[in-house]
Amino acid sequence: MTNHDIQVSVLGLGEMGGALAAALVAAGHPVTVWNRSPSKADPLVARGARAAATAGDAVRAGRLVIVCLLDDASVREVLEPLADDLAGRTLVNVTTTTPAQSREMAEWADRAGAAYLDGGIMAVPPMIGRPGASVLYSGSADAFHEHRRLLDLWGNSTYFGDDAGLASLYDLALLAGMYVMFAGFAHGAAMVAPAGVTAGEFAAMAAPWLTAMTGAFEGFAAVIDGGDYTVPGQQSLEFSDLTYLVAASADQGVSTEVVAMVQRLVQRQVDAGHGKEGFARIIESIRRPG
């Protein structure tokens, strides 16, 4: 059986689910689609997909079943009544879930007789099928390798092993970095706004600066992995004190929540007697909260 002979079903046609299905249709795969709001299937049907009247019809139509719904609860609501229909099929769940939820779903799928692959999509819908998109996977190795060519239509595929929760763990850990960075940008934009600086003007300066600063990740990682925060060449925690940054934010009339959070992580280590050690040591404040 060639890759293009595999009958694929996609459950969930929100912006992301629709983008995933569209990429499969464009590549010539036979695709059946289902969504609670049937009209969302119309653009895909116009391109060659087949619409299923029910989720059960969609599952029964596909050997490979892709699920992209709102959350874990919606996945269970849709799939649990269809356990008998999933036997012998491969289930790829790219709905954002916690690692624990991913592992529970893998166990449920195994009891239903389905191979299970969990996915974390590191892209926004317009990026699907374009350079820069990637999808993280964990779960059934056989399922991943069997369908790798199809999965690569969405973006670069990375497999993290048979622990179904690992893709979700990486996904959420990467999103943690992204959201904190976005919050930092928003804080900076709020700080300069009273001075008449637009967010666009600030972004023009912030983007290259933050891009350059990501080059420090490898150095931080080496220190953290080595466990020695006294190695030469680091910016000390004492030097990293954010008192002036917090004060300037307050003077500008903006919330200090974002920068005060970082200051608390720094101060906790300084108070514990580690002020001369490197900034990377804040990870100890994160690992051992309180």
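In the predicted model, strand 1 (residues 8-11) and strand 2 (residues 31-34) are paired in the parallel sense, over 4 bridges. Within this pair, V8 lies opposite V31 of strand 2. Pairing of this kind rests on hydrogen bonds of the backbone, and strands of a sheet may run parallel or antiparallel. The two strands belong to an open sheet of 8 strands, arranged in the order 3-2-1-4-5-6-7-8 with mixed pairing. Strand 3 (50-51) and strand 8 (156-159) form the edges; each has a single partner strand, so one side of each is without a neighbour in the sheet.

The chain as a whole contains 14 helices and 8 strands. Its C-alpha trace spans about 60 × 45 × 30 Å along the principal axes. Of its 290 residues, 42% count as buried. The accessible surface of the chain amounts to about 15000 Å², and 59% of this belongs to carbon and sulfur atoms. Among contacts between residues at least 6 apart in sequence, 61% join residues at least 24 apart.

In soluble globular proteins, nonpolar side chains tend to be buried together. The largest nonpolar core of the chain has 33 residues, of which V8, V10, V33, I128 and W154 touch the most other members. At least two residues of this core are supplied by each of strand 1, helix 1 (15-26), strand 2, strand 4 (64-67), strand 6 (115-122), strand 7 (134-139) and helix 8 (148-151). Helix 1 gives the largest share, 8 residues. When residues up to four places away in sequence are not counted, W154 touches L20, A23, L24, I66, M127, I128, G129, A133, V135 and Y137. Another core, of 24 residues, lies apart from the one described above; L82, L91, A109 and Y116 are among its members.

Y179, M181, F182, W209, L210 and M213 make a nonpolar surface patch of about 620 Å². Helix 9 (166-192) and helix 10 (199-213) each contribute at least two residues to this patch.

Methods
Residues numbered from 1 in each chain as written. Predicted model: local features only at pLDDT ≥ 70, side-chain atom pairs only at ≥ 80, totals over all residues. Heavy atoms only, no water. Patch = residues over 30% accessible without salt bridge, like charges linked within 9 Å, V, L, I, M, F, W, Y side chains within 5 Å. Areas by Shrake-Rupley, 256 points an atom, 1.4 Å probe, with all protein chains shown as cover. Salt bridge = Lys/Arg side-chain N within 4 Å of Asp/Glu carboxyl O. Pairing = 2+ DSSP bridges. Buried < 20%, exposed > 50% of the residue type's maximum accessible area, 1.4 Å probe, protein only. Contact = heavy atoms within 4.5 Å. Core = buried A, V, L, I, M, F, W, Y, C linked by side-chain atoms within 4.5 Å.
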